[in-house]
Amino acid sequence: MSVISLGRGNGKRTEVVRFETAPPVVVQRAVSPMRTRTEAALLCTLSERTDVPVPRPIADGVVDGTGWLVTPLIEGRDLHEAFVELGSTAKHGVARAFGRYLGAVHEAFRFSACGQLAVADGTESVAGPDEPLSVRDPVDAATWVRQFGERHVARLPAEFDELRGRLAETLREPIDRAREPRLFPWDLRPGSALVAGGVVTAVLDWEAPLAAPPGVSVAKAEHLLVDWYVP
């Protein structure tokens, strides 16, 4: 058996475990058991409700206060690294695939408010017929968008100082057309995907999911995919 540590994931430790007589797996561990349990629930539901290629969990649980999640190892190259080697047709095909994935996610998950998602209290099976996720601290769409924008404006480097006032004014404007909150896969980008033969084989890193107006995830996906990779 061999164990290789990966740098994937912001709040968890990820390792690839290879066996002599069994298929390889990916083991993820997090100090917060809710983090791995929520991701397990989301991956199960994504695989049931959409055609987004995700690793369906094999098992998850808690040991000594640490949450763990085991999924199959899906072969492929990091799409962020491989994208520059793809032909023009393959590049546009990958970008369109991400658009389809986002549309499928929006259709599959609808929520009554915005905020951080987690496994609902009392849920025994993360793959049951009912919605396994709920908004932990629900807020209305207008408030969430303003707070979300203010947090990210505050993170901008000094080079953006001249724009801060204009951005703050924009965030104070009323939001009249915020649509029903959907799943916001905030890390939907090539760096969180694998590709083989010019085709996306897996979309990874679904930790810390959010519910937000669909326009937020559309704008972010457009920036992280089209603006960066397909000029």
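Two strands pair if DSSP finds at least two bridges between them; strands (E, at least two residues) and helices (H or I, at least four) are DSSP runs numbered from the N terminus. The model on display is predicted: local features need pLDDT of at least 70, side-chain atom pairs count only at pLDDT 80 or more, and totals for chains, interfaces and linings use all residues. Residues are numbered from 1 along each chain as its sequence is written, and side-chain values use heavy atoms, with hydrogens and water left out.

Select the open sheet of 5 strands, whose order is 1-2-3-5-4 with antiparallel pairing. Strand 1 (2-6) and strand 4 (59-63) stand at its edges with a single partner strand each, so one side of each has no neighbour in the sheet. From one strand to the next, the twist averages 25°. Next, display strand 1 with strand 2 (residues 13-18): the two pair in the antiparallel sense over 5 bridges. Within strand 2, V16 is the bridge partner of I4.

**Helices 3 and 6**

Proceed to helix 3 (residues 88-108) and helix 6 (residues 214-229), which pack at an angle of about 165° with their axes 11 Å apart. That angle makes helix 3 roughly antiparallel to helix 6 (over 145 degrees; under 35 counts as roughly parallel, 65 to 115 as roughly perpendicular and the rest as oblique). To view the contact (heavy atoms within 4.5 Å), show F98, L102 and H106 in helix 3, which meet P214, S217, V218, A221 and L225 in helix 6. These residues divide into 6 nonpolar, 2 polar and no charged.

**Helices 4 and 5**

Select helix 4 (residues 141-154) and helix 5 (residues 161-172), whose axes come within 10 Å and cross at roughly 170°. Helix 4 is therefore roughly antiparallel to helix 5. The contact involves V145, R146, G149, E150, V153 and A154 of helix 4, and R164, L167 and L171 of helix 5.

**An aromatic pair**

Finally, display W144 and F184, an edge-to-face aromatic pair with 6.3 Å centre to centre and 85° between the planes. Rings of Phe, Tyr and Trp (its six-membered ring) pair if their centres lie within 6.5 Å; planes under 30 degrees apart count as stacked, over 60 as edge-to-face and the rest as tilted. W144 lies in helix 4 and F184 in strand 9 (residues 182-184), so the pair ties together parts 40 residues apart in sequence.

Notes: Axes are lines fitted to C-alpha atoms, for helices over the stretch in contact, and angles run from 0 to 180 degrees between N-to-C directions. Ala, Val, Leu, Ile, Met, Phe, Trp, Tyr, Cys and Pro count as nonpolar, Asp, Glu, Lys and Arg as charged, and the others, Gly among them, as polar.
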